[in-house]
Amino acid sequence: MKIKVNGLSYHVEVCGEGEPLLLLHGFTGSGGTWLPFCQKWGHHSKLICVDLPGHGKTDAPRSPERYSMQNMILDLKAILDELGVEKTNVLGYSMGGRIALGFAITCPDRVGKLILESTSPGLATEAKRKARRIKDSELADFILDQGIESFVDYWQNIPLFKSLQEMPAHARQAVREQRLANSPAGLANSLIGIGTGAQPSYWDRLSEINAEVLLIAGKLDEKFCGIAEKMSGRLQSSRIELIDGAGHAIHVENPEKFGTIVSRFLTHT
């Protein structure tokens with residue numbers, strides 16, 4: 001379905017019955033990445049799968065500012081309002097996890113349980129954020145200059161996604177096709193507007209989150225395992241699941257185990 005909020009047309013798919021579960025994908029992904037979990041989670045949750053701006057079938061605004069964390073939070077609130085959802089569990093992966101964190105901190109009354117897969121609260125210092133903004137701007141220029149196919153060729157071979165190369169060919173191709181379906185300008189503006197260097201750091205605000213939090217990381221992704229451990233020490237209520245044989249994208253690399261862990265967390269009271 002299409003939901004227009006704050007001047008932007010969002011593509012949203014809803015499936016399943018039960019407590020709402022807002023699902024936020026990573027950079028170069030789409031809400032469709034979560035649809036295979038409808039069968040497993042749909043008996044206990046109503047999945048709300050959102051294509052974030054510049055991704056999938058949602059609009060790709062020309063201004064990078066439209067992709068800012070503040071605007072993403074306002075849009076998500078409006079989407080939930082349109083769907084008549086007052087409170088929802090939230091699952092976010094990577095970029096989507098950063099947005100989920102921002103939403104939970106800004107709108108604590110709208111969030112039940114919070115699941116963060118391969119997620120960072122941002123960069124702690126302005127110097128690090130500035131350096132990252134420069135790199136993200138260069139990458140955005142690369143997307144616009146070289147085109148979406150050249151960018152995806154580069155992106156799928158960065159060290160962060162090395163473990164994806166171990167997946168079957170058909171699974172790798174599905175990930176590639178999902179990435180290729182995105183708007184080049186949308187991806188470029190997303191990098192500039194809500195990249196890790198552009199978002200505020202939430203490290204000092206993690207203690208404000210009173211929701212129960214599940215942190216998931218793949219053991220092959222040592223950087224994000226370390227981030228999860230550090231985050232856990234600052235959260236009021238959290239647990240960590242580190243997944244053997246998986247890297248950054250656990251929901252793609254080991255969907256069966258990922259799905260089971262999420263179901264257990266959501267249905268446990």
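1. Is serine 94 buried or exposed? In this predicted model, serine 94 counts as buried because its relative accessibility is 18%, which is under the 20% cut-off for that class. Serine 94 sits in the loop between β5 (88-93) and α3, and its phi is near 55 degrees, a positive value in a residue other than glycine.

2. Serine 118, which is not a glycine either, has a positive phi of about 50 degrees, and its place is in the loop between β6 (111-117) and α4. With a relative accessibility of 1%, serine 118 counts as buried.

3. On the overall fold, the secondary structure of the protein chain comes to 10 helices and eight strands. For 269 residues a compact globule would have a radius of gyration near 18 Å, and the 17 Å of the protein chain agrees with that expectation. The C-alpha trace spans about 50 × 40 × 40 Å along its principal axes, and buried residues make up 55% of the 269 residues. Of the contacts between residues at least 6 apart in sequence, 77% join residues at least 24 apart. The protein chain exposes about 11,800 Å², with carbon and sulfur atoms supplying 49% of this area.

4. Helix α7 (184-194) is mostly covered, since eight of its 11 residues are buried; the buried set consists of Gly186, Leu187, Ala188, Asn189, Ser190, Leu191, Gly193 and Ile194. These buried residues pack against four helices, namely α2 (69-82), α3 (95-106), α4 (126-146) and α5 (148-155). In the loop between α7 and β7 (213-218) lies threonine 196, which is buried with a relative accessible area of 11%. Leaving out residues up to four places away in sequence, threonine 196 touches Arg98, Gly122, Leu123, Arg132 and Asp136.

5. By class, the lining of the largest cavity has seven nonpolar, two polar and no charged residues.

6. The second largest cavity likewise holds about 40 Å³, and its lining consists of Leu52, Pro53, His55, Tyr67, Met72, Met95, Ile99, Ser190 and Ile194. Helices α3 and α7 each supply at least two residues of that lining, and two of the lining residues, Ser190 and Ile194, are also among the buried residues of α7. The lining of the second largest cavity divides into seven nonpolar, two polar and no charged residues.

7. Turning to open space, the second largest pocket has a volume of about 260 Å³. Of the 14 residues that line this pocket, Thr33, Pro36, Ala174, Val175 and Val252 are the closest to its centre. Nine nonpolar, four polar and one charged residues make up the lining of the second largest pocket by class.

8. Finally, isoleucine 261 is found in helix α10 (residues 255-267) and counts as buried because its relative accessibility is 5%. Its neighbours within four places in sequence aside, isoleucine 261 is in contact with Leu214, Ile216, Glu241 and Ile243. The C-alpha atoms of isoleucine 261 and cysteine 49, which are 212 residues apart along the chain, are separated by 19 Å.

Conventions
Residues numbered from 1 in each chain as written. Predicted model: local features only at pLDDT ≥ 70, side-chain atom pairs only at ≥ 80, totals over all residues. Heavy atoms only, no water. 1 Å grid on protein atoms, 1.4 Å probe; cavity = no way out; pocket = protein on both sides within 12 Å on 5 of 7 lines; lining within 4 Å. Points joined across faces, edges and corners; volume = space filled by probe spheres on them. Nonpolar A, V, L, I, M, F, W, Y, C, P; charged D, E, K, R; others polar. Rg over C-alpha atoms; globule rule 2.2 N^0.38 Å. Buried < 20%, exposed > 50% of the residue type's maximum accessible area, 1.4 Å probe, protein only. Contact = heavy atoms within 4.5 Å. Areas by Shrake-Rupley, 256 points an atom, 1.4 Å probe, with all protein chains shown as cover.
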